[in-house]
Amino acid sequence: MISDKIKFMSSKIKVYLSGPITGIESKSAPMFSEAENDLTQQGYHVVNPWKLDHTHDQKWENYMATDITALLECDCICMLPGWEHSRGARLELAIAMNRGMSYIYWKEPSPGCDRLYPPGEADFL
C-alpha cells in the first residue's frame, strides 16, 4: 500500500509507474496494469508507460525518451517490484530523485533497496 505520509494527498498526485519491462514484457504488462488499477482506485492519476505513444523506431533509448518526458509531468514516481534490476527504472528513479520528486513503492520495497538508494542520493547510475 501507499505510504501514509502522502496518501492524504492522493487525489492531487500524478504518479508515474516505473519498473522492469525490457525482456519480460509478458510478465510486466499485467503487473503495470494491476498497479495502475490499484492506484487509480485510491484516487491517484496514474501514468502507465505501457499506454504511452511509442510510435518511433522501437529503440530502447527512444522508449526512454518518451517515458522520461511523461515522468517529468508527474508529481511522484511509484516503483514496482523488480525495479532495481531494470536500467530504465533506475534511470527514472534517479531523475525523479534529482528533481526532488516523491517516490513510493507499490506493494513492498525490495529487500535492501533503501540501503542502496537512500533519499537524496540518486547519483548511483
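**Rings and charges**

Mentor: Start with two tyrosines: Tyr103 is buried, as is Tyr105. Buried means under 20% relative accessible area, exposed over 50%, and partly exposed in between, using a 1.4 Å probe and protein chains only. This is a predicted model, where local features need pLDDT of at least 70 and side-chain atom pairs count only at pLDDT 80 or more, while totals for chains, interfaces and linings use all residues. Residues are numbered from 1 along each chain as its sequence is written, and side-chain values use heavy atoms, with hydrogens and water left out.

Trainee: How many aromatic pairs does the structure hold?

Mentor: A ring pair is described by the distance of the centres and the angle of the planes. Rings of Phe, Tyr and Trp (its six-membered ring) pair if their centres lie within 6.5 Å; planes under 30 degrees apart are stacked, over 60 edge-to-face, the rest tilted. Here there are two such pairs. Tyr103 and Tyr105 have ring centres 6.0 Å apart and planes at 85°, so they're edge-to-face. Ring pairs link Trp83, Tyr103 and Tyr105 into a cluster.

Trainee: And which residue forms a salt bridge with Glu34?

Mentor: Side chains of opposite charge can pair when their charged atoms come close. The cut-off is a side-chain nitrogen of Lys or Arg within 4 Å of a carboxyl oxygen of Asp or Glu. Glu34 pairs with Lys107, with the closest N and O atoms 3.7 Å apart. Glu36 and Lys51 form a salt bridge too, at 3.0 Å, N to O.

Trainee: Are Glu36 and Lys51 buried or exposed?

Mentor: Glu36 is buried at 11% relative accessibility, whereas Lys51 is exposed at 62%.
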